[in-house]
Amino acid sequence: MDLKVSGGPMPLAKFKALYPTPVTTPWLDQQLFPALRGGTFDLREFRLHGRLDQLKQLGRPVHRHRLKLDLEVRETTVFADRPGLPLTNVSAHVLIDRGALGIARLAGGFGESRIERADFGIGDLYQPPLRLEGTLDGLFQLGDLKEQSSAPWFSGTARHLFKPVTAASGTLNATAGFRITCTDPVQRRVWGTFDLGSSQVQLAVLAAPLVLQAGQVEVDETGRADFTAQARLAESDFS
């Protein structure tokens with residue numbers, strides 16, 4: 001049997017109804033699809049090939065090469081049912097081939113923040129623990145990041161940086177890499193360069209807000225962060 005299917009833009013409900021999640025990797029049905037809300041899905045290619053008894057066991061790693069999905073996603077919402085701000089107006093190219101998941105050219109936003117581009121993937125959907133790795137570029141509002149720090153997918157390093165912050169305004173331009181390993185508990189790591197524009201941060205331990213004229217945070221792959229800035233606190237300037 002060699003089945004190939006393609007279809008023009010369709011709503012999420014129709015795509016989920018057509019996709020055979022009971023016979024494919026459980027990660028799609030249990031993790032990916034429940035996180036989506038709305039949008040359109042352009043099915044470029046869906047392919048199943050093999051004997052019927054083999055296709056009934058697509059969830060087994062030995063049959064990973066028998067499934068291919070090539071999909072263009074537009075204007076969907078992700079993580080609407082989880083803590084933190086949802087990702088909205090998300091578009092991306094999704095490819096599942098030989099047991100690997102790749103998501104390319106993802107763009108979207110949360111609050112007033114914008115993800116310009118993210119590329120990431122899981123090298124093996126069948127081999128636990130699942131490991132998601134990728135890169136991201138975007139322009140973010142500090143207030144959005146403070147609110148987003150409650151999201152379960154937010155990195156421990158970023159959550160630690162925002163923990164003493166009670167309020168924040170200004171922008172952060174980020175070029176970053178990230179890795180999420182689905183162990184128990186989940187391990188998250190983010191590294192890269194984060195440039196601060198004119199910003200204001202209120203810390204719980206300070207009576208007056210900290211005003212930043214410019215700043216940069218460098219985080220390496222071990223999670224160690226270096227922070228440099230030109231700042232003003234009350235009537236005092238320092239760097």
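User: Why is Leu3 called partly exposed, rather than buried or exposed?

Analyst: This is a predicted model, and in it Leu3 has a relative accessible area of 32%. Buried means under 20% and exposed means over 50%, so Leu3, at 32%, counts as partly exposed. Leu3 sits in strand S1, which covers residues 2–11.

User: What makes Leu3 part of a nonpolar surface patch?

Analyst: Patch residues need over 30% relative accessible area and no salt bridge, and nonpolar side chains are joined within 5 Å. Leu3 clears the area cut-off with its 32%. Met1, Leu3 and Val5 make up the patch, which comes to about 250 Å².

User: Gly223 is in a loop, so why is Gly223 called buried?

Analyst: Its loop runs between strand S13 (210–219) and strand S14 (225–233). The cut-off for buried is under 20%, and Gly223 has 19% relative accessibility, so Gly223 counts as buried.

User: What secondary structure does the chain have?

Analyst: Five helices and 15 strands. The C-alpha atoms fill a box of roughly 75 × 35 × 25 Å along the principal axes.

User: How many charged side chains are there, positive and negative?

Analyst: There are 27 positive and 26 negative ones, and the centres of the two sets lie 9 Å apart.

Definitions and conventions: Residues are numbered from 1 along each chain as its sequence is written. This is a predicted model: local features need pLDDT of at least 70, side-chain atom pairs count only at pLDDT 80 or more; totals for chains, interfaces and linings use all residues. Side-chain values use heavy atoms; hydrogens and water are left out. Helices (H or I, at least four residues) and strands (E, at least two) are DSSP runs, numbered from the N terminus. Lys and Arg count as positive and Asp and Glu as negative; His and the chain ends are not counted. The place of a charge is taken as NZ of Lys, CZ of Arg, CG of Asp or CD of Glu. Patches are made of residues with over 30% relative accessible area and no salt bridge: like charges are joined within 9 Å, nonpolar side chains (Val, Leu, Ile, Met, Phe, Trp, Tyr) within 5 Å. Accessible areas come from the Shrake-Rupley method with a 1.4 Å probe; for residues, only the protein chains shown count as cover. A salt bridge is a side-chain nitrogen of Lys or Arg within 4 Å of a carboxyl oxygen of Asp or Glu. Buried means under 20% relative accessible area, exposed over 50%, partly exposed in between (1.4 Å probe, protein chains only).
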